[in-house]
Amino acid sequence: MPIRLNLDRMMLERRVSLTELAERVDITLANLSILKTNKARAVRFSTLDALCRELKCQPGDLLEFVEGPPEKDPEA
Amino acid sequence: MKYSSRLISNVRALFGFVRGLTVVTLVLLPIIAFLPGSYLNFPNLPLKTPTLVVKNTIPSEPERRIQIEDLSGRLKFTPATPEDRQLRRVIALVPGMAGLLFTFGVAHVLWRVCRNVEHGEIFSLRNVKLLRNLGVLLIIYSVTSVVIELWVGSHVLQYMRDHFSFNSLELPSAGPWWVNLKASTPLISINMNQLVIGLLVLCLAEVFRQGLKLQQEAALTV
């Protein structure tokens, strides 16, 4: 996907584990893992707000646009 | 996540029953067709009367020649020869087997959709494909059933021309079975209900596909 979430990089910089971050932002480990592995299709502002608060960063630090073809719809 | 609904379970059981019944009938039909002693029975046989010279009740008016066309009736007689019995088998087996196979296909697809829903798979790729298959099956059968009827009807008519002679009735003129389409149009027509339902089911498959997309979006929205 062209929009990447650099959560893993930010977690490394802030030295926070996935489990700890999940508890702090009140998101399940599974969902946080989806974010970390860039499998998410959309992020709520409330989630972005919680992440930025806990990681003490800006949304721009987490979100990055990478050039590439747009993602295709899953063909049924 | 399982989706528990008594309605879905009952509907699935019903389709399962229809499916099983169709399989049993498919097995029994050839046996029944080969049983001796049954009538040969063919509906919708196209007929017409010979040209009749009729007198009027008003003496001053001239005679007229009239013919009644586009009649249809049920042909029924007891097979007396091996050829008669062979014809009976063709009439019983060909449309019957096609109809039963179609019914089995529909019941099986719907049974699988219900089973998927019970397992929590409502908007899924599997259900989309199943519904598409169902729509295509309905459309194909609405056309195929007409072709089969025409073929069997032509077969019966040809048999009657070869083996019987009539004084008071005329059979439609001979020709290849697909030519009889025009002659038989008043009696045999594409099952429009089935065709429309097939198209509606295809539209429903598209609705399910959109539902799948929305579900995926929602599942992967954190």
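Modeller: The model is a predicted one. Between chain B and chain A, six residue pairs are in polar contact, with both residues at pLDDT 80 or more.

Biologist: Which element gives the most residues to the side of chain B that touches chain A?

Modeller: Two elements of chain B give two or more residues to that side, namely α3 (125–163) and α5 (192–219). By class, the side of chain B that touches chain A has five nonpolar, two polar and four charged residues. With five residues, the element that gives the most is α5(B).

Biologist: Which side chains meet in a salt bridge?

Modeller: One salt bridge is counted between chain B and chain A. The N to O distance is 3.4 Å, and the side chains that meet are those of A:Arg41 and B:Glu217.

Biologist: How much area do chain B and chain A bury between them?

Modeller: The contact takes 15 residues from chain A and eleven residues from chain B. On the side of chain B, 55% of the area buried against chain A is supplied by B:Leu220, B:Thr221 and B:Val222, more than by any other three residues. Carbon and sulfur atoms carry 58% of the total, which is about 1200 Å².

Biologist: Why do the buried residues of α1(A) lie on the same side of the helix?

Modeller: In helix α1 (residues 7–14) of chain A, the buried residues are A:Leu7, A:Met10 and A:Met11. They share one side of α1(A) because the arc they cover around the axis is only 100°.

Note on methods. Residues numbered from 1 in each chain as written. Chains lettered and ligands numbered in written order. Predicted model: local features only at pLDDT ≥ 70, side-chain atom pairs only at ≥ 80, totals over all residues. Heavy atoms only, no water. Contact = heavy atoms within 4.5 Å. Buried area = accessible area lost by both parts, 1.4 Å probe. Salt bridge = Lys/Arg side-chain N within 4 Å of Asp/Glu carboxyl O. Polar contact = N/O pair within 3.5 Å; in protein donor to acceptor, adjacent residues only side chain to side chain. Helix = DSSP H or I, 4+ residues; strand = E, 2+ residues; numbered from the N terminus. Nonpolar A, V, L, I, M, F, W, Y, C, P; charged D, E, K, R; others polar. Buried < 20%, exposed > 50% of the residue type's maximum accessible area, 1.4 Å probe, protein only. Arc of directions from axis to C-beta.
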